[in-house]
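Please look over the sequence and the model shown here before reading the short report on its helices.

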Amino acid sequence: MTTTDPARHSSHRLAAGVLTGILALYIALVAFGNITDFGTNQQFVRHVLAMDSTFKDHDLMWRAITSTALQDTAYVLIIVWETVAALVLVWGTYLWAARRDDAFARRVSTYGLLMLLLLFGAGFIAIGGEWFAMWQAKAWNGEDSATRVFLLSGVALIVNHLPGSRSSAAPTT
């Protein structure tokens, strides 16, 4: 099959749309859960930022944020970021399904996927995991789940940008 084959574009659009949709659903459910059950992950963020379940190494503990106001501000900003990412990814999913403009669907999906990569990669893995030493915690360690979302987002981003899907025109019949 050549890259100009309409079936190739259709299968690529389907794969990109499904992956974008899965991540849209996931982050929408995460944001919804954090909004409707605010206290559960609020405690998670507080424990990670306070570094109260780490090894208590004096050389690291200066990084701890113990102000509940700052901890809660960080948590609210995370929820806002998740909500915006969900909306962008839902829009991207719709655009893939609408099959009108692959380039625009790709661009919107890319923005949402990059938002997830930033949140889970930079926010949870790098800052939470390394700066706040979340990797040391047994109970308050979200690195495994963050890594899963980061990798799935990366795969979706790659699929969104595979060659042979550069057409911005409506599919041919």
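## Basis of the model

This is a predicted model, in which local features need pLDDT of at least 70 and side-chain atom pairs count only at pLDDT 80 or more, while totals for chains, interfaces and linings use all residues. Residues are numbered from 1 along each chain as its sequence is written, and side-chain values use heavy atoms, with hydrogens and water left out.

## Helices H5 and H6

Helix H5, residues 102–131, packs against helix H6, residues 143–160, at an angle of about 155°, and their axes are 9 Å apart. Because of this angle, H5 is roughly antiparallel to H6 (a term for angles over 145 degrees). The contact of H5 with H6 comprises, by class, twelve nonpolar, eight polar and three charged residues.

Among the buried residues of H6 are Glu-143, Val-149, Ser-153 and Leu-157, where buried means under 20% relative accessible area with a 1.4 Å probe, protein chains only.

Leu-116 has its place in helix H5 and is buried, with a relative accessible area of 0%. Its C-alpha atom is separated by 7.0 Å from that of Phe-150, although Leu-116 and Phe-150 are 34 residues apart along the chain.

Gln-71 belongs to helix H4, residues 68–98, and counts as buried at 4% relative accessibility. A polar atom of the Gln-71 side chain lies 3.4 Å from the backbone oxygen of Arg-46.

Conventions:
Axes are lines fitted to C-alpha atoms, for helices over the stretch in contact, and angles run from 0 to 180 degrees between N-to-C directions. Helices (H or I, at least four residues) and strands (E, at least two) are DSSP runs, numbered from the N terminus. Angles under 35 degrees count as roughly parallel, over 145 as roughly antiparallel, 65 to 115 as roughly perpendicular and the rest as oblique. Ala, Val, Leu, Ile, Met, Phe, Trp, Tyr, Cys and Pro count as nonpolar, Asp, Glu, Lys and Arg as charged, and the others, Gly among them, as polar. Buried means under 20% relative accessible area, exposed over 50%, partly exposed in between (1.4 Å probe, protein chains only). A polar contact is a pair of N or O atoms within 3.5 Å; within protein, one must be able to donate a hydrogen and the other to accept it, and residues adjacent in sequence count only if both atoms are side-chain atoms.
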